[in-house]
Structure formats: structure tokens, C-alpha cells
Amino acid sequence: MTRPATTAEPTAGPDDARAALHRLRTEVAKAVVGQDSVVTGLVIALLCRGHVLLEGVPGVAKTLLIRTVATALDLDSKRVQFTPDLMPGDVTGSLIFDPRTAAFTFREGPVFTNLLLADEINRTPPKTQSALLEVMEERQVSVEGARRPLPDPFIVAATQNPVEYEGTYPLPEAQLDRFLLKLTVPLPNRDEELGVLRAHHAGFDPRDLGAAGVRPVADAADLAAAREAVGRVHVAEPVLGYIVDLCRATRATPALELGASPRGATGLLSTAKAWAWLAGRDHVTPDDVKATARPTLRHRLRLRPEVELEGVGVDAVLDTVLATVPTPR
């Protein structure tokens with residue numbers, strides 16, 4: 001059932017909320033092996049009211065990860081498989097004629113949820129992509145002049161396959177810029193993959209998270225308290241300048257034809273504050289900025305073709321920028 005489109009009031013204290021969110025990793029690990037960094041990224045996105053682009057090959061438990069995080073946070077979640085014939089109304093909802101009342105009624109689409117998994121977003125045409133991205137920005141659906149707000153919290157976790165390009169519609173840079181984070185979902189190492197096999201051999205069913213022991217350890221009230229606390233995290237002027245200098249450096253780097261926008265700078269500020277708060281600090285350090293720079297900026301940058309042909313990746317360019325921009329003391 002879709003939760004009411006209302007803003008949760010913070011009832012938990014910030015320390016309790018932080019402890020609850022830290023328990024999330026342990027709870028998710030009952031069903032998903034070895035994705036701690038991705039779980040942390042999803043929590044940061046929820047704290048910052050941002051959206052996430054997940055990139056990983058098929059079979060690395062992206063869908064299971066989203067379902068498990070939603071269960072552990074007591075949030076509603078839905079999944080949409082994006083295909084070439086998917087229409088905007090299939091995502092946002094549409095008006096349906098009711099012959100009993102001779103009137104049109106609105107049927108909510110899957111966006112009316114807390115955590116939406118948009119699977120293979122680059123497999124649907126730009127028109128449908130744009131409908132979803134508009135919802136992400138406005139957090140509402142407008143039908144016949146009536147605005148219908150989405151539940152709070154609401155984030156989109158969109159996936160794309162990094163190795164298959166046939167029949168896809170890549171997201172333009174202007175639309176990629178609307179995602180707060182781009183998280184890479186890696187293949188498990190040998191020990192982690194052995195753990196996956198042992199769990200399945202013992203009878204683990206990914207469709208039955210309750211049987212795996214996954215229980216809610218936090219809720220929307222904890223998230224609301226955490227968001228308020230993140231908003232109070234102090235950022236000194238030199239750290240603000242460091243964020244600006246990093247983003248400006250990407251625009252001057254010869255390897256890039258497109259650098260980070262001012263939206264990227266504000267996104268980096270938000271994620272660094274959330275990272276610092278999760279670490280138990282009330283202020284942001286340059287190390288917090290460095291820790292969140294790659295997932296916050298990597299999808300906002302575009303390599304020059306000749307650099308891409310040489311096999312240089314965006315993360316490598318970001319590493320160079322982080323190494324060359326002076327760090328404030």
C-alpha cells in the first residue's frame with residue numbers, strides 16, 4: 001500500500017536516528033552480501049532527498065538491495081522494468097474512465113511510493129525518461145491541472161547496465177546531472193560469492209525477506225530527525241571554498257569536455273554534510289568532501305573522446321583533480 005503523501009515529523013533524537021541508520025548495514029547484510037558502500041550511498045541519498053543512479057552488470061542483486069533497504073527502513077518500494085514501449089502514464093499514473101460514475105478517476109502510477117527502483121532506465125525512450133525525471137525534480141504528478149504530491153520520503157534508484165548498449169537510449173548530461181549520486185555496484189569477491197552460494201544452498205529465498213530475518217530497524221521518523229540534524233552540520237568557509245575549487249578544477253581539466261555544474265557543487269556540499277553526520281561529527285572536514293566527491297561528481301563529467309579512447313576513466317580524472325587541488329587545513 002502506498003503511504004500518505006505527507007512529511008514525516010521527527011520524533012526520534014538525532015543520536016537515536018544515527019544509531020538506527022548504522023544498524024541498517026547489519027540488517028541488509030542478512031540478505032545482501034558485500035554491498036556496504038552502496039547501502040551507505042542510498043542512506044546518504046535519503047538524508048539529502050536525492051536520487052541515485054546504480055550501475056552494475058546483471059545479477060549483482062540491485063533489485064534485492066533496494067527491496068531489503070526499504071524493508072529495513074519500513075518504507076514502501078516499487079519496481080518498474082523500463083522497456084522501449086513503456087509510456088509516461090505507465091510510470092506517473094493516468095486518468096481512467098469509470099463507467100459506473102461516468103467520470104474520470106486518477107489511477108496512481110508506481111512513482112507513488114517511497115523508494116522506486118527504475119530498472120534499466122536507459123532502455124526506455126527519452127519521452128518516458130523525461131516524465132520520470134520531471135517527477136524526480138518536482139516530487140509531484142500534475143494531471144489536468146491538479147497537482148498530486150508524492151509520499152515523503154521519495155527517491156528514485158535507477159539502474160543501467162554498463163556493458164550492453166544495443167537498444168538503449170543513454171541519458172543526456174542535463175538529465176544525469178539531476179541524480180545526486182552515481183554508485184557502482186561491484187561484483188562480489190570470492191569470499192562474498194561463497195557466502196551467496198551458502199545462503200542459497202541453505203534455502204535463502206530472495207522473494208521472502210521475512211524468512212531471512214530482515215526486520216525494520218528505522219523508519220520515516222528516524223529519517224526526518226536525521227535530515228534535521230544533517231541540516232545543522234557546520235561547514236567552515238575554507239571547506240566551502242574547497243568544494244568550489246574542486247568543481248571549478250573539473251571545468252578546467254584538459255581531459256574533460258564537460259565539468260561539474262553548480263548543481264554538482266551543491267550536491268557535493270549536501271553529501272559531505274550527510275557523510276560527516278553519519279560519522280558522528282557536527283562539522284565537515286576536507287576528508288568528508290573527498291570521500292563523497294567520486295559518487296557525487298562522476299556522472300556529471302564527460303571525457304574528451306581522445307581521452308576515452310586511451311582507456312582513461314572519469315574516476316581516474318577525479319583522482320587527479322583531488323590530488324592537485326590544495327586541501328585546506
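Where does Pro153 lie? Pro153 is in the loop between β7 (146–149) and β8. The peptide bond from Asp152 to Pro153 is cis, with omega near 5°.

## Basis of the model

This is a predicted model, in which local features need pLDDT of at least 70, side-chain atom pairs count only at pLDDT 80 or more, and totals for chains, interfaces and linings use all residues. Residues are numbered from 1 along each chain as its sequence is written, and side-chain values use heavy atoms, with hydrogens and water left out.

Helices (H or I, at least four residues) and strands (E, at least two) are DSSP runs, numbered from the N terminus.

## Backbone exceptions

Most residues other than glycine have a negative phi, and most peptide bonds are trans. Ala61 is not a glycine, yet has a positive phi of about 75°. Ala61 sits in the loop between β1 and α3. With a relative accessible area of 30%, Ala61 is partly exposed. The cut-offs: buried is under 20% relative accessible area, exposed is over 50%, and partly exposed is in between (1.4 Å probe, protein chains only).

Arg139 also has a positive phi, of about 55°, although it is not a glycine. Its place is the loop between α5 (126–138) and β6 (140–143). Arg139 is partly exposed, at a relative accessible area of 24%.

## Helix α3 and its cover

Helix α3 (residues 62–72) is mostly covered, with 8 of its 11 residues buried. Among the buried residues are Leu64, Leu65, Ile66 and Val69. Lys62 and Thr68 are buried too. The cover over the buried residues includes α1 (14–28), α2, β1 (52–55), β2 (77–81), β5 (115–119) and β8 (155–160).

## Two helix pairs

Two packed helices are described by the angle between their axes and the distance between the axes. Axes are lines fitted to C-alpha atoms, for helices over the stretch in contact, and angles run from 0 to 180 degrees between N-to-C directions. Helix α2 (residues 36–48) packs on helix α10 (residues 262–278) at about 115°, with the axes 9 Å apart. The two are therefore roughly perpendicular (65 to 115 degrees). Their crossing is right-handed: the near helix is turned clockwise from the far one by less than a right angle. Contact means heavy atoms within 4.5 Å. From α2, Thr40, Val43, Ile44, Leu47 and Cys48 meet Ser270, Thr271, Ala274, Trp275, Trp277 and Leu278 of α10. By class, this contact has 8 nonpolar, 3 polar and no charged residues. Here Ala, Val, Leu, Ile, Met, Phe, Trp, Tyr, Cys and Pro count as nonpolar, Asp, Glu, Lys and Arg as charged, and the others, Gly among them, as polar.

Helix α11 (residues 286–297) packs on α13 at about 145°, with the axes 10 Å apart. This crossing is right-handed as well. Lys290, Ala293, Arg294 and Leu297 of α11 make the contact with Leu318, Asp319 and Leu322 of α13. By class, it has 4 nonpolar, no polar and 3 charged residues.

Lys182 is in strand β9 (residues 181–184). At 15% relative accessibility, Lys182 counts as buried. Its side chain makes a polar contact with the side chain of Glu55, at 3.3 Å. A polar contact is a pair of N or O atoms within 3.5 Å; within protein, one must be able to donate a hydrogen and the other to accept it, and residues adjacent in sequence count only if both atoms are side-chain atoms.

Pro328 lies in the segment after α13 (314–324). At 21% relative accessibility, Pro328 is partly exposed. Not counting residues up to four places away in sequence, Pro328 touches Pro238, Tyr242 and Pro286.

Key. Parallel < 35°, antiparallel > 145°, perpendicular 65-115°, else oblique.
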